[in-house]
Amino acid sequence: MMDSAPQRDGYRTFIASSLLLMFSYGVAVGMFHIFPYAFIRSALQGLGQLNGGNFIVYYHPVRNPNWKPIFNTADACDGLNLVTRIGDDDRLVAEVLDMEGRPLQTWNVDWFERWPDAEYLPSEVKPRSRPGCQIHGAVVAPNGDLVFNYDYLGLMRLGRDGATKWRLPYQTHHSVHLSDDGRLWVCGQERMFEDEKAHPWRTAPYDASTILEISPNGEILTKWSVEGLLRKNGYAGLLGLSHGFTNGYARQDILHLNDVETFPASMAEGFFKKGDILVSLRNISTIFVFERDTGKIKYLTTGQMVWQHDPDFIDGNRIAVFDNKGGGVLAGDAPASRLLVFTPGESEPEIRFTGAPEHPFYTKIMGKQQWLPNGNVLVTETDGGRGFEIDGAGRIVWQYVNFVKPHVVGIVQEVTRLPADMKRLFERPTGVARGASPIGLDKG
């Protein structure tokens, strides 16, 4: 017996009403944290723990089958390359390569071997399986030591021999900046266990963003609250732009601090001066500069980039920004990242480089840039698994690709060009890379 038209209409109405009811309840679960919100959140956090607390895809198909592991030309800026990446078999890798991609120094950075006693961490963020985290933010000191973040897990300093010099048990993340005086500037966060009643309301536990100045010996010298800086300067409204947004295991991460650095002492002053500190807040697409002595925000721009990373002072009057998602915002556009240059007093930034069909350039997450002494720019395209150097005309003059198997790349957190005079620290007459010595753990 066939259904009548009224019966079919009734079925359709019932299904549509049921879907609408389910959708409405799902919205209510997210907004009002009613059942089964706690169960869903715990499940997602558990899944995140298996992947180092972040929902990150570590391996991708190579974007161009013609890429070579290393492409090097005479127009590239000479030096060495610090590379932090995901290797095969979910391994964390931190190494120094020459311009031809030969490894000169490799450190053992396995989280589970280096920091097996991380009792200071909230239980839900402790890694459960390799790689456990990322190396997100790393610098090489003038003596060849490596200082790096286990992302959201802690800061560590290793010697060239692989020995652990110190560990900082604090949830550092995203970036490490080495200032001219040898001090380190690092992003941090602290777990708060009481409700925040200032705007916007955040229920405990939540994570607050901090800026850390750290001594060469791993001691916290100064700490700023990012939320406090914004409130003090009359920008409290920015705190509500991403209220309730959750990123991985960083609960109520309303700002997502992802970079902090100081104005270089060697750079000629202009609008920006010695003592100025540059800050990037991804989740509200904002960068700002504040004066160290007064805490006054002297420059702030928001909304002209989308989920940016790695702003850098490039001279006394300009800031370069890695704009992750701002290059493909029109309907039908392919996603593209951009390098932007902001000048205080000018209404729009200059586009230094962007992706295009003939040279795709896009990373949804992470990404770095480094303006080199010869005027070139070294770019880390994390999702693309590569670092590449462009000249003033936008031509690629050097490229590194992190192949882990044929046609597959692992993500690259950062490629940094080290000064050419560091070759004396890392090059070996035999051409054999220096290996890491047995691991020595401190009591941090």
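Predicted model: local features only at pLDDT ≥ 70, side-chain atom pairs only at ≥ 80, totals over all residues.
Residues are numbered from 1 along each chain as its sequence is written, and side-chain values use heavy atoms, with hydrogens and water left out. Local features need pLDDT of at least 70 and side-chain atom pairs count only at pLDDT 80 or more, whereas totals for chains, interfaces and linings use all residues.

Strands β4 (residues 92-97) and β5 (residues 103-107) run antiparallel and are joined by four bridges, where strands are DSSP runs (E, at least two residues) numbered from the N terminus and pairing requires at least two DSSP bridges. Leu 97 stands opposite Pro 103 in β5, and five residues lie between the strands of this hairpin, in which Gly 101 takes a positive phi near 85°.

In the loop between β15 (276-281) and β16 (286-291) is Asn 283, which is buried, with a relative accessible area of 9% (buried means under 20%, with a 1.4 Å probe and protein chains only).

Two cavities of 30 Å³ or more were counted, a cavity being a set of points on a 1 Å grid over the protein atoms alone where a 1.4 Å probe fits but cannot get out, and lining residues having an atom within 4 Å of a point. The largest cavity has a volume of about 40 Å³, a volume being the space filled by probe spheres set on the points, and its lining includes Tyr 152, His 173 and Asp 253. The second largest cavity holds about 30 Å³ of space, and its lining residues include His 136, Asn 258 and Lys 368.

Key. Buried < 20%, exposed > 50% of the residue type's maximum accessible area, 1.4 Å probe, protein only. 1 Å grid on protein atoms, 1.4 Å probe; cavity = no way out; pocket = protein on both sides within 12 Å on 5 of 7 lines; lining within 4 Å.
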